[in-house]
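Keep the 3D view open and click along as you go.

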Amino acid sequence: MGMSVTISAATEQDAEQILKLQYLCYQSEAELYGDYGIEPLTQPLDSLRAELAGGTVLVARLGDEVVASVRGAVDSDGTARINKLIVHPRMQRHGLGGRLLAAIEAQLAEAGAAKSFQLFTGHRSDRNLRLYRKHGYAQVSTERVDERLTLVTLVKGAETTAFVASA
């Protein structure tokens, strides 16, 4: 008997599971860039709890286990910034990241405040870049952080989300 993955708003009770999952998921990014001091690996639980209280955080559950998560918030200028899209390694490459991305875009656009969506990833994170491009994001800039990392910023308009969701 198989269980299906459900996506819902995260709760305060999910904080520890999200943080553990984040730590697991960002190991590959840390290895890719040779930097184990990246913020997702050093974020304290209180900081994550503040994000839960102040923004939109979604989780994907398989039974009671949080197997994926994503965060987002809309700025005063209407830019919805999406970050920390994570999927448990055993659940990757099955469309869950795309489902979660579409779900947070829909939630952030629902209030009508989001005019565009923005996210970023590292220049070596090919799987992330493929996923984002597949979902309509286009690269708009790069910023060299240090000798190991260049951040790639990608955006798409909120109207693209409405079209994709209805297709």
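This is a predicted model: local features need pLDDT of at least 70, side-chain atom pairs count only at pLDDT 80 or more; totals for chains, interfaces and linings use all residues.

A salt bridge here means a side-chain nitrogen of Lys or Arg sitting within 4 Å of a carboxyl oxygen of Asp or Glu.

**Salt bridges between separate parts of the chain**

- Side chains of opposite charge can pair when their charged atoms come close.
- How many salt bridges does a search of the whole structure find? The count is 10.
- Another salt bridge joins Arg61 and Asp14, with 2.8 Å between the closest N and O atoms. Arg61 sits in strand 2 (residues 56-62) and Asp14 in the loop between strand 1 (5-9) and helix 1 (15-25), so to speak distant parts of the chain, 47 residues apart.
- Are Arg61 and Asp14 buried or exposed? Arg61 counts as buried because its relative accessibility is 16%, under the 20% cut-off, and Asp14 counts as buried at 4%.

- Glu51 and Lys84 meet through their side chains in a salt bridge of 3.9 Å, N to O. This pair also links distant parts of the chain, with Glu51 in helix 4 (residues 45-54) and Lys84 in strand 4, 33 residues apart.
- Glu51 is partly exposed at 23% relative accessible area, whereas Lys84 is buried at 12%.
- Arg71 is part of strand 3, and it is buried, with a relative accessibility of 3%.
- The side chain of Arg71 makes a polar contact of 2.3 Å with that of Gln22 and another of 2.6 Å with that of Glu51.

**How the strands pair up**

- Strands 4 and 5 run parallel, joined by 3 bridges. Thr79 has Ser116 in strand 5 as its bridge partner.
- Strand 5 also pairs with strand 7 (residues 150-157), where the two run antiparallel and 7 bridges join them. Here Leu119 has Leu154 in strand 7 as its bridge partner.

**The largest pocket**

- The largest pocket holds about 1300 Å³ of space.
- It is lined by 44 residues, and the closest to its centre are Glu29, Leu85, Thr121, Asn128 and Tyr132.
- Elements giving two or more residues to this lining include helix 2 (27-33), strand 4 (79-87), strand 5 (116-122) and helix 6 (126-134).
- Which element gives the largest share of the lining? That's helix 6, with 7 residues.
- By type, the lining residues divide into 20 nonpolar, 12 polar and 12 charged.

Methods:
Residues are numbered from 1 along each chain as its sequence is written. Side-chain values use heavy atoms; hydrogens and water are left out. On a 1 Å grid over the protein atoms alone, a cavity is a set of points where a 1.4 Å probe fits but cannot get out, and a pocket is an open set with protein on both sides within 12 Å along at least five of seven lines; lining residues have an atom within 4 Å of a point. Grid points are joined across faces, edges and corners, and a volume is the space filled by probe spheres set on the points. Helices (H or I, at least four residues) and strands (E, at least two) are DSSP runs, numbered from the N terminus. Ala, Val, Leu, Ile, Met, Phe, Trp, Tyr, Cys and Pro count as nonpolar, Asp, Glu, Lys and Arg as charged, and the others, Gly among them, as polar. Two strands pair if DSSP finds at least two bridges between them. Buried means under 20% relative accessible area, exposed over 50%, partly exposed in between (1.4 Å probe, protein chains only). A polar contact is a pair of N or O atoms within 3.5 Å; within protein, one must be able to donate a hydrogen and the other to accept it, and residues adjacent in sequence count only if both atoms are side-chain atoms.
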